[in-house]
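Here is a short briefing to read alongside the model. Have the sequence and the 3D view open, and follow the strands with us.

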Amino acid sequence: MDAPTPGAGGATAPAAVARSERPPVLVCLHGLSGSSRWWAATRPRLEEGGPVVVLDAPRSLRPDEVPHWVAEELEALEPPVDLAGHSLGGLVCARVASLRPDLVRRLVLVAPAGIAARGPATYAWPLVRTLAASRPAHLATLTADALRAGPWNILRGGLHVCAPGSAGDLAGIEAPTLLVWGARDRLVPPTEGHVWKERLAGSRLVVLPDAGHVPMLEAPDDLGALIAAFREERLDENGHFGGM
């Protein structure tokens, strides 16, 4: 490390901070028909732990192309980073962590889709119920982003989630993983969280009682505190979290 240089009021401060001492970047990805705005209410709490980058996936990409795009974004951020994804974005982040474990230090999956074999029609009624139960402000955000995404992108993403094996080979994930679900999630029910937990060795599952499918909007403070604590938790000598 370079020698200290004078700071304000005669104090001294390092001219550069060693990379190992800097908090890792937290990268967040939205779900199907979503946008970076879905993380806006949670972001201030997350930024208390360091820099946060919220991605907007290009709508021109096919769902199977998005993991490679995300990996390229992470490569430009001095990895490994902490990676969080919601719904279809959670599925994408799991694929990134599996294909490129060198890029991901810790992984947060918020109601990730794609682990259970389901037909597209099984999502229709839960989606209607989810929208009907949304607060007016949240509904405006969800509707505006869905209109921007367009019906073709929504259909393409939904078919991708329902395709057999869409979760891929999760055995390649090395990063400690936090699974977060809303207890009132009608679109991707919490029972699927237990399937993810069985497939991801050493992962942790937390269910938020006051949230549905979009905890970032419905319980931003609880989600932010949960992610912040997870990122700061120390690993044991075997690279595992205490109590896992």
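C28 stands opposite A84 in strand 5. That places us at the pairing of strand 3 (residues 26-29) with strand 5, which runs in the parallel sense over four bridges. Please keep in mind that this is a predicted model.

**Strand 5 and its other partner**
- Strand 5 also pairs with strand 6 (residues 104-110), again in the parallel sense, and this pairing has six bridges.
- Here L83 is the residue that stands opposite L107 in strand 6.
- To get from strand 5 to strand 6, the chain passes through helix 3 (residues 88-99), making a right-handed β-α-β crossover.

**How strand 5 is covered**
- Strand 5 spans residues 81-86 and is mostly covered, with six of its six residues buried.
- Which residues point which way? V81, L83 and G85 point one way, while D82, A84 and H86 point the other way.

**V53 in strand 4**
- Strand 4 (residues 52-55) is where you will find V53.
- Why does V53 count as partly exposed? Its relative accessibility is 26%, and the partly exposed class lies between under 20% for buried and over 50% for exposed.
- Beyond its neighbours within four places in sequence, V53 is in contact with V25, L26, V27, C28 and L77.
- V53 and L74 are 21 residues apart in sequence, and their C-alpha atoms are 9.9 Å apart in space.

Methods: Residues are numbered from 1 along each chain as its sequence is written. This is a predicted model: local features need pLDDT of at least 70, side-chain atom pairs count only at pLDDT 80 or more; totals for chains, interfaces and linings use all residues. Side-chain values use heavy atoms; hydrogens and water are left out. Buried means under 20% relative accessible area, exposed over 50%, partly exposed in between (1.4 Å probe, protein chains only). Helices (H or I, at least four residues) and strands (E, at least two) are DSSP runs, numbered from the N terminus. Two strands pair if DSSP finds at least two bridges between them. A crossover is right-handed if, with the strands pointing away from the viewer, the path from the first strand over the helix to the second runs clockwise. Contact means heavy atoms within 4.5 Å.
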